[in-house]
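Please open the model in a viewer and have the selection tool ready.

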Amino acid sequence: MGLSDFEYDRILELMGRPPNFLELSLFSVMWSEHCGYKNSRPLLGRFPNKGTRVVQGPGENAGVVEVGDGWALAFKMESHNHPSAVEPYEGAATGVGGIIRDILAMGARPVALLDSLRFGPLEEERNRYLFREVVRGIGGYGNAVGVPTVGGEVEFARAYSGNPLVNAMCIGLIRIEDLVRSSATGDGNLVVLLGSKTGRDGIHGATFASDELTDESESKRSNVQVGDPFCEKMLIECCLKLLDEDLLVSLQDLGAAGITSSASEMAAKGGVGIEIETDRVPLRESGMEPTEVMISESQERMLAVVEPEKIEDVLYLAERYELVGAVVGRVAGHGDLRVIHHGEVVGTVPAEFLADAPVYERDVVRPNYLDELQELTVDELPGPEDYNAVLLRMLGHPNLRSRRAIFTQYDHQVGTDTVVLPGADAAVMRIKGTKLGFAATTDGRGRHCYLDPRGGGAATVAEAYRNLSCVGAEPVAVTDCLNFGSPEKPDGYYQLAECIKGMSEACEVLGTPVVSGNVSLYNETDSGAIYPTPTVGMVGVMKDVNIHATPAFKREGDRVVVIGKTPPLLGESMTSEGDLLAGSEYLEIIHGKTAGLPVRSDLAAEKKVADLVRELVESGLVDTAHDVSSGGVVVCLAEMVIEGGIGLGYDGEVEIEEMRADVALFGEESGAFVVAVPEECWNDLQDALVGFAYRVVGTTGGDRFKIGDLIDVKSSDLKKAYERDLFETHAPEGGHIG
Amino acid sequence: MKIRVLVRPKAGILDPQGEAVKNALPALGFEGVHTVHVGRLVEMEVESADEVDAMCRRLLSNPTIEEYEWEVIG
Amino acid sequence: MRIGVTVFPGSNCDRDALYGVERAGAEAVELWHADADLKGVDAVIVPGGFSYGDYLRPGAIARFANIMDPLEEFAKDGGPILGVCNGFQVLTEAHLLPGALLRNTNMRFICDRVHVRVETVDTLWTAGCDPGEELTLPVAHNEGNYFADPETLSRLEEEGRVVLRYLENPNGSANDIAGVCNENRNVVGIMPHPERVSDPALGSDEGLRILRSVLVGAGV
């Protein structure tokens, strides 16, 4: 059942008697890592979770932050890695469905989805299949349910072969006074199950999600739930209507561990008990045992607490929306989760016991692999002869290539609130009827975290902060998915602990508390663990959504300026060659090496630069901005050329002092931005930049991309390499350019 | 009684699903596949077969693009 | 002018269509699928989405909803009806418009902006456009690949009943057709979503060219 001897003894001690099979099943699902956070809870305490805009921190179905004018955003990100590895379409689809219900449980209307994805290299057929089906699943569910998928990110690396990551984030919009909590109250109030019928779907999905993936997992297909976005759409409209008419006391979604988890959490939070009559749960299959009913993970269901005098109205509305609506239990004073079948009590466990999974704290030991990994000798790397070819190869690599083939499969405009479409640094959404808006991004840096868990964790948060700043949004809070290998192995636990430490430090300095999140451990296959991959979903607020920036060059004759860390190709870099190449895409793509110790970010300095860029956008001075990230400044500039369809020329002398040209062009350093302004704004921009490091890198215009005498490519050739369809059959990569 | 209804794209109608399957099979090493059409199978339990034809015409198939056949299977 | 928007289970562009109607300057009226009542509206939009989950075939189940009886009467009487995306699919299933919409040839859902040309201004929903006018409109569909038998296609062309035509065909539609009308020219079905570009804050309000046409025709 997935419980250890130690845990079984603990249950005996708590209960004071041997539990029966049903009771043990309840413990089993609730004490899984997925529900109980056994290995991560002490570490998660490090995250800062308070801030002036925080309305609801961790502990509810989603975090909530205030936007202004009484509006708030409820948001959360959740993983669905294991189900997606086994049945990618349904795994991804139900991942989307599940996170939507978390937001709905807060009483908010879901208005935006983002997804953070990881797969093994596309040269392998199995990875192509997983990638294609996950994207189809996300679209299949999100498009039908009518919530726009407005952003996200994807990367490919060997470490994810066979263990893809599917992290879905949802954002909901709500008036602060309309927020719903999940705590059950009121002895005698009724517990109502809404949505679809209950079947044997995903029995023991929660314990499955807390196991390593092996060949056996393929045969566990019956564990994977099937999604019904049509039902979910009706569930959204029905629940919002019920709340609008003030018919509910509290609301909770059913996710992992089904009724068990929802009922015991609602009871524990309210300090009350809940009795569930399993024979009153509408079933899809005959002959289901009470235990199966209690832990079924059938999708598209919500649990509500309703005062008896309002029950008729609630059931009437459920029928109007063509949903199952059934009274399945009641709130009771005794504090137990009590399971009743045909009038007979078949199990009783105090709700607080279920919520009190044991916690494991382990020693944090630095793994030996790091020393070897962090060593990088640049002299051993052959220098390329043709920088144009290198640039085209980089832009065409799946890690850097346009995500257009993905996001055109997602309805990103339904709802008529998407102001900045996918493809920019962050999605920008408006709040209808106001000038307000918000921006959202998801980011992950698995390779970086593998090379340096603490630095990578911090850099992940910093990258999200920069992405929001670029579009002109004030970053306010974070949700995260912590995707790691087994915490029972020293390397895995070290990575988890150190990444959290780095993320916490960054959240502290950047002023972006963590308000919700989820943990996915045991992401391992027979060939090892994934890269430690904490993914961050960050939201920012905008006072005037009509004033924002995008990466695309917009006019000929704009001055293009790099702000922040000046790129080494313009001289005076303080960073060594090895540091610039550590963990870079160039090293990975062109030289096939994952190595080095990337420079740790100076978070305070980065924040200053990012805030400056945001202010430049907010003031209306800058409408073109892009974050320098994977691939370095040259790739960043090339993207701006491609998106805008306008070339860029830098005819000044490229000063490379005692540095290899490839390092200078493609080295990566955290914390820089590129902005472009028309000539007439140049003086104003210079005034604003006093005290900051910056360099002019050229002027927009023409149809070529030129960097001194090192790079000179037609914009259309860049575009061709960059916009190759990610789903076309992949020829295996040729040898490395030497 | 049990009825099995088979709905398929009319002859000559563009069948993107069929095309996709046809193109995927050689990639998996299955050679010599000339045509593939993807249709829909509907199984129902009904009291009488009298109205099955009407059900097929009005709802289960779209006569503009699809044809159907049905049989009693038990 | 009052314009109704039908709401089927699974419609998900109903709220957007109501918003678009307001942006066009008309009063928006929600029409629930289970009520056989058009509430006296002057025109009806059947919005996009996944009515009944698109199960069986898009639009196949919605066409039998209670609201469809008065809607069919309304169509016969010359009332202006616009089907957008799933709404277009519903209207073809209900035989208010000829043809059918098949899976996109690339077998993918397509959400993108497309260029279309207004092929006729002699319909109630394009009366406010200029002949041959080119518009950039969003599409978002899995089944947008217009199909009709050769005789129907040539009739549509001869009678000038192709309303919108793609300049670059995204989905394999016969004759690049993005929208058609019925014989009486009061019922129009289009795959692109005009309501999604009904506000400059979203980057464009070109969709109002279509949504406002019905007001022009009515002399509002």
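**First stop: a salt bridge between chains B and C**

Select B:Glu66 and C:Arg57: the side chains of these two residues meet in a salt bridge, with a distance of 3.5 Å from N to O. Please keep in mind throughout that the model is predicted. Between chain C and chain B, the count is 1 salt bridge. The count of residue pairs in polar contact between these chains is 5, with both residues at pLDDT 80 or more.

Next, colour the elements of chain C.

The area buried between chain C and chain B is about 1,300 Å², and carbon and sulfur atoms give 70% of it. Within this selection, highlight C:Leu56, C:Arg57 and C:Phe64, which supply 38% of the area that chain C buries against chain B, more than any other three residues.

Turn to the contact between chain A and chain C, where 33 residues of chain A are in contact with 27 residues of chain C. About 2,500 Å² is buried between chain A and chain C, of which carbon and sulfur atoms give 52%. Which three residues supply more than any other three of the area that chain A buries against chain C? Select A:Phe230, A:Gln413 and A:Thr416, which together supply 22% of that area.

Select A:Arg404 and C:Asp112, whose side chains meet in a salt bridge at 2.5 Å, N to O. Between chain A and chain C, the count is 4 salt bridges. The number of residue pairs in polar contact between these two chains is 13, both residues being at pLDDT 80 or more.

Finally, display the elements of chain A. At least two residues of the side that touches chain C come from each of α7 (125-145), α10 (229-244), α17 (404-407) and β14 (418-420) of chain A. Of the elements, α10(A) gives the most to this side, with 4 residues. Divided by class, the side of chain A that touches chain C has 12 nonpolar, 10 polar and 11 charged residues.

Technical notes
Residues numbered from 1 in each chain as written. Chains lettered and ligands numbered in written order. Heavy atoms only, no water. Buried area = accessible area lost by both parts, 1.4 Å probe. Polar contact = N/O pair within 3.5 Å; in protein donor to acceptor, adjacent residues only side chain to side chain. Contact = heavy atoms within 4.5 Å. Nonpolar A, V, L, I, M, F, W, Y, C, P; charged D, E, K, R; others polar.
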